[in-house]
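Let's take a walk through this structure, one stop at a time. Have the sequence and the 3D view ready.

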Amino acid sequence: MSNHQHTLIIDGTSGISGDMTVAALLDLGASEEHLREQLATLPVDGFTIAVTRANKHGIDACDFDVQLAEELENHDHDMAWLYGNEAAAEHMHEHEHHHHDHDEHEHEHCHEHDHEGHHHAHHHHHRSLADVTAIIDGSRLSDGAKRRALAIFSVLADAEAKAHGKTPETVMFHEVGAVDSIVDVCSVAICLDDLGIEDIVVESLSEGHGTIRCAHGLMPIPVPAVVNLCQAGNIALTPAPVAGELVTPTGAAIVTALRTSEHLPARYHIEAVGYGAGKRPYEGCSGTLRCLLVDVDA
């Protein structure tokens, strides 16, 4: 009789981001209730989460959205700000209008996280690795989830430090230090822990082209942090016919920190499939992250 091993295969043909990964893991069967309970122990406030369904290029997918208080809002999904494209702005406005209607109908029972009794971190977007570590350590996440979340932020700090000529201890996170990114990373760690996944296979990641605006101005795609993460993690990139960023720093950090193999198993049985929806509307790719939960024949 063959021995079976629980493995996650991440299909990066449409790129990867933090929220797409969380959504795909929830679609695989990770408990939304458990995720909410765990996130409620994070010593930060000003956010809620919504888990809905979305149709991306004909694919039914799970959508995970970290909704921020007004003072914490950022430009992560603002196509006009990211790419300086007015047509994209109009497209995104229509997309958000329908998306929000969808949320109101299907998730009217989403509640604000209860953080009573916890020390809340200050509302700012620029955090050091020590700041983020304190937030994660101050939660009641499992040891395994904390370890994975800290590993993701550790490789992010290394990549950002290299890009800015600083040390991991002194570099300041901008976008990836924001509340929504912290929630995304912790959610990935919580869901992986909940699903009992140890081995993670990612063959390669598809990336678009062009430029994108971030905290430091317009940057070429892939942005410096993604370049450094892919170099550090020996991640193969496949050019995609997409004008825009498919691989975010958080997505690249997840792969760099947690991937255990770049080679597909020689033989496996699919136990479950999950699709995570991306927020940015691009032509030329599905805009979904597919994850397979498989049993590997040893």
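We start at Val201, which counts as buried because its relative accessibility is 5%; buried means under 20% relative accessible area, exposed over 50%, and partly exposed in between, using a 1.4 Å probe and protein chains only. You'll find Val201 in strand E6, residues 199-201. Helices (H or I, at least four residues) and strands (E, at least two) are DSSP runs, numbered from the N terminus.

A word on what you're looking at: this is a predicted model, where local features need pLDDT of at least 70, side-chain atom pairs count only at pLDDT 80 or more, and totals for chains, interfaces and linings use all residues. Residues are numbered from 1 along each chain as its sequence is written, and side-chain values use heavy atoms, with hydrogens and water left out.

Back to Val201. Leaving out residues up to four places away in sequence, Val201 touches Thr7, Leu8, Ile9, Ile10, Ser261, Glu262, His263 and Leu264, where contact means heavy atoms within 4.5 Å. Take Ile10: it sits 191 residues from Val201 in sequence, yet their C-alpha atoms are 6.2 Å apart in space.

Now zoom out to the whole chain. It has nine helices and 12 strands, and 53% of its 298 residues are buried. Among contacts between residues at least 6 apart in sequence, 77% join residues at least 24 apart.

Next stop, the helices. Helix H1 covers residues 18-28, and it is mostly covered, with 10 of its 11 residues buried. Among those buried residues are Met20, Val22, Leu25 and Leu28. Just after H1 comes Gly29, with a positive phi of about 130°.

Skipping residues up to four places away in sequence, Ser187 touches Val22, Leu35, Leu39 and Phe64. Is Ser187 buried or exposed? With a relative accessible area of 0%, Ser187 is buried.

H7 (residues 179-195) also packs against helix H2 (residues 32-39), at an angle of about 130° and with the axes 10 Å apart. Axes here are lines fitted to C-alpha atoms, for helices over the stretch in contact, and angles run from 0 to 180 degrees between N-to-C directions. H2 and H7 are therefore oblique to each other; angles under 35 degrees count as roughly parallel, over 145 as roughly antiparallel, 65 to 115 as roughly perpendicular and the rest as oblique. On the H2 side, the contact is made by His34, Leu35, Gln38 and Leu39, while H7 brings Val183, Cys186, Ser187, Ile190, Cys191 and Asp194.

The axes of H6 (residues 143-164) and H9 (residues 249-258) come within 8 Å and cross at roughly 115°, so H6 and H9 are roughly perpendicular to each other. Arg148, Ala151, Ile152, Val155 and Leu156 in H6 meet H9 residues including Pro249, Ala253 and Leu258.

Our last stop is Ala134, in helix H5 (residues 129-137). Ala134 is partly exposed, with a relative accessible area of 47%. Pro43 lies 91 residues away from Ala134 along the chain, and their C-alpha atoms are separated by 9.0 Å.
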